[in-house]
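Hello,

Here is the structure we spoke about. Please look it over, then read the notes below.

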Amino acid sequence: MGRVRSRRVGTEAFARLPFVLQDIEQDEAQALADARVAADAAALEAWRIRWIGANGRLKDLMDGLKSAPKDQKPALGKRLNAMKVALEAAFESRKSAVGGGAAAGPAIDLTEPGLPVGEGRRHILSRTIADIVQIFGRMGFEVAEGPEVEDEWHNFTALNIPEGHPAREPTDNFYMAEQGGVRRLLRTQTSTVQIRAMEARKPPLKVVAVGRVYRPDTHDATHYSMFHQIEGLYVDRGVTMVDLKTTLWHFARACFGPEAEVRMRPSFFPFTEPSAEVDMKMKIKGEWRWVELGGCGMVDPAVLQSVGVDPEEFTGFAFGLGVERIAMRRHGISDIRWLFDNDVRFLRQF
Ligand code: FA5
């Protein structure tokens, strides 16, 4: 809408003061009426330009004031100021009615294509971890934490892995330089958090710990030197292997679907007795398959004793599953290395 040219109010007009005041009254009434019917932001913007813009009607009237007879200036000035206040107030109130700030800027072209927004998302591993923690949370497990740089007590000794055990070999661990007689290493398993949780609190104890672990394994489709584990620990009076299997069964169903199954195969871990490998049966590319996901067992009495828990009174189960393996099976990812290459073409598929 073009600007309506205003009549210039000059010396001549001010010579007839009553008429000039009348003009102001009329203009103001007109402006307020127009503002009330401005239907949208564009109409209101046209109104603003016409009445209170830099070259609008109000400006014309103000300019005319300069050449008004001296004795009439105060009355005219006062009236024009009142008009300015009224028009600006009308503009502000109409602006909120027609939908805000856009009216103050140029009119919006609703047909213009939008700017593409680069959409980010959480890494598939982070989302898998959040899902896992939520599933165990529903079964009453609290989240426990431990450091990635560990001492030998938590990574080995308290877990019933004595000095000289092959699992302590430098070729199987990332040891740090010795400091003050203490040798630390990057933890090789989240079982360290079992010990920390039991040191911090007496049973009953029902916790899960998720985090990074490190092993000098050669990278291939299913192995990486840094990966994640989810550890579970439940210690109380009368905890049995049945509780362990039921817990893993519920997890399998929640994670892999209502037909998933759990199987345990006898195995050995120094910190559990008896020990088992955990397999879960899931549908992969239309075919049911057993997939090994981790280890589990009943907490060895020697481990309970190492943290001052009486094995005559309490029993417990523990399990440790590979998080990458879970994510890969859930999403049909055939190579673990994809998870760490950070290629957005891969990551944005999930
Ligand atoms: C353990 O680490 C035991 N701490 C598990 C455990 C916990 C047993 C509590 C008993 C009680 P294992 O070394 O098998 O177990 O590792 C567990 C899982 O971690 C494996 O089944 C696999 O899913 C995953 N994993 C092991 N090594 C790698 C690797 N290099 N890259 C990716 N995932 C791995």
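**What was found**

Pro 274 sits in strand S7 (residues 272-284). Strands here are DSSP runs of E with at least two residues, helices are runs of H or I with at least four, and both are numbered from the N terminus. The bond joining Glu 273 and Pro 274 is a cis peptide bond, with omega about -5°.

This is a predicted model, in which local features need pLDDT of at least 70, side-chain atom pairs count only at pLDDT 80 or more, and totals for chains, interfaces and linings use all residues. Residues are numbered from 1 along each chain as its sequence is written, and side-chain values use heavy atoms, with hydrogens and water left out.

**More on the backbone**

Pro 203 to Pro 204 is also a cis peptide bond, with omega near 5°. Pro 204 belongs to the loop between helix H8 (192-200) and strand S4 (205-214). Asn 160 is not a glycine, yet its phi is positive, about 70°. That residue lies in the loop between helix H7 (152-155) and strand S3 (184-186). Why point these out? Because most residues other than glycine have a negative phi, and most peptide bonds are trans.

**The ligand**

Which residues come nearest to the ligand? They are Gln 189, Ser 191, Arg 215, Asp 217 and Tyr 224, out of 25 around it. A residue counts as near if one of its heavy atoms lies within 4 Å.

By class, the shell has nine nonpolar, 11 polar and five charged residues. Nonpolar means Ala, Val, Leu, Ile, Met, Phe, Trp, Tyr, Cys and Pro; charged means Asp, Glu, Lys and Arg; the others, Gly among them, are polar. Strands S5 (226-236), S8 (287-299) and S9 (315-322) each supply at least two shell residues. S8 gives the most, with five.

Now the polar contacts, which are pairs of N or O atoms within 3.5 Å:

- The side chain of Ser 191 has an N or O atom 3.0 Å from a ligand nitrogen.
- Tyr 224 places a backbone N or O atom 3.0 Å from a ligand nitrogen.
- Gln 229 has a polar side-chain atom 3.0 Å from a ligand oxygen.

Taken alone, the ligand exposes 680 Å², and the protein buries 92% of that. These areas use the Shrake-Rupley method with a 1.4 Å probe.

**Domains**

The domain assignment, automatic or from a database, gives domain 1 (11-97) and domain 2 (124-347). Their C-alpha centres lie 77 Å apart.

Best wishes

Notes:
A polar contact is a pair of N or O atoms within 3.5 Å; within protein, one must be able to donate a hydrogen and the other to accept it, and residues adjacent in sequence count only if both atoms are side-chain atoms.
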